[in-house]
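Hi everyone, thanks for coming. Please have a look at the sequence and the model on the screen, and I'll walk you through them.

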Amino acid sequence: MANSKSALKRVRQNETRSSRNKVLSTRMKNLRKKTLTAAEAGDKEAAQKSFSEFSSAVDKCAKNNLIHKNKAANIKSKTHKHLAGE
């Protein structure tokens, strides 16, 4: 366990940040699943709507350095290919 005041503060900061990161990454993954299932079901309108939400979530994760910006571009590109039916 941490002994100094600064180490205790570090523990608190790490818990806060990891919980925030977990929320963002889980949201990103869930929105991707929602988009892909809507595309497979043939519901184009719902797929487009969830894709825009998904893109926003991915961009937020990339902005917060949760994922690399190139990985964000790859994820969005692959998901968009599924929407287009390629």
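This is a predicted model: local features need pLDDT of at least 70, side-chain atom pairs count only at pLDDT 80 or more; totals for chains, interfaces and linings use all residues.

Residues are numbered from 1 along each chain as its sequence is written, and side-chain values use heavy atoms, with hydrogens and water left out.

Now the overall picture. How many helices and strands are in the chain? There are three helices and zero strands, and along the sequence they give the pattern α-α-α. Here helices are DSSP runs of H or I with at least four residues, strands are runs of E with at least two, and both are numbered from the N terminus.

What about the overall dimensions? The C-alpha trace spans about 55 × 20 × 15 Å along its principal axes. The radius of gyration of the chain is 17 Å, whereas a compact globule of 86 residues would have one near 12 Å. That radius is taken over C-alpha atoms, and the globule rule is 2.2 Å times the number of residues to the power 0.38. Of the 86 residues, 24% are buried. Buried means under 20% relative accessible area, exposed means over 50%, and partly exposed is in between, with a 1.4 Å probe and protein chains only. If we take contacts between residues at least 6 apart in sequence, 52% of them join residues at least 24 apart.

Let's go to helix α1, which covers residues 5-41. Leaving out residues up to four places away in sequence, T35 touches A47, S50, F51, F54, T79 and L83. E40 is also found in helix α1, but E40 is exposed, with a relative accessible area of 71%. From E40 to K29 it is 11 residues in sequence and 17 Å in space, C-alpha to C-alpha.

One of the residues that T35 touches is S50, so let me turn to that one. S50 has its place in helix α2 and counts as buried at 2% relative accessibility. With residues up to four places away in sequence set aside, S50 touches K34 and T35.

Next, how do helices α2 and α3 sit together? In general, two packed helices are described by the angle between their axes and the distance between the axes. Helix α2 is residues 44-63 and helix α3 is residues 69-84; their axes come within 9 Å and cross at roughly 175°. So α2 is roughly antiparallel to α3. For the angles, under 35 degrees counts as roughly parallel, over 145 as roughly antiparallel, 65 to 115 as roughly perpendicular, and the rest as oblique. The axes themselves are lines fitted to C-alpha atoms, for helices over the stretch in contact, with angles from 0 to 180 degrees between N-to-C directions.

Which residues meet there? Among them are F51, F54 and V58 in α2, and I75, T79 and L83 in α3.

Now for some charges. Side chains of opposite charge can pair when their charged atoms come close. The structure holds two salt bridges, each being a side-chain nitrogen of Lys or Arg within 4 Å of a carboxyl oxygen of Asp or Glu. One joins the side chains of E53 and K49, at 3.4 Å from N to O. E53 and K49 are four residues apart in helix α2, which means about one helical turn separates them. E53 is partly exposed at 26% relative accessibility, while K49 is exposed at 54%.

A salt bridge also joins the side chains of D59 and K76, at 2.8 Å from N to O. This pair links distant parts of the chain, with D59 in helix α2 and K76 in helix α3, 17 residues apart. D59 is partly exposed at 37%, and K76 is partly exposed at 22%.

Last stop: the loop between α2 and α3, where N65 is found. Most residues other than glycine have a negative phi. N65 is not a glycine, yet its phi is positive, about 60°. N65 is exposed, with a relative accessible area of 69%.

Key:
Contact means heavy atoms within 4.5 Å.
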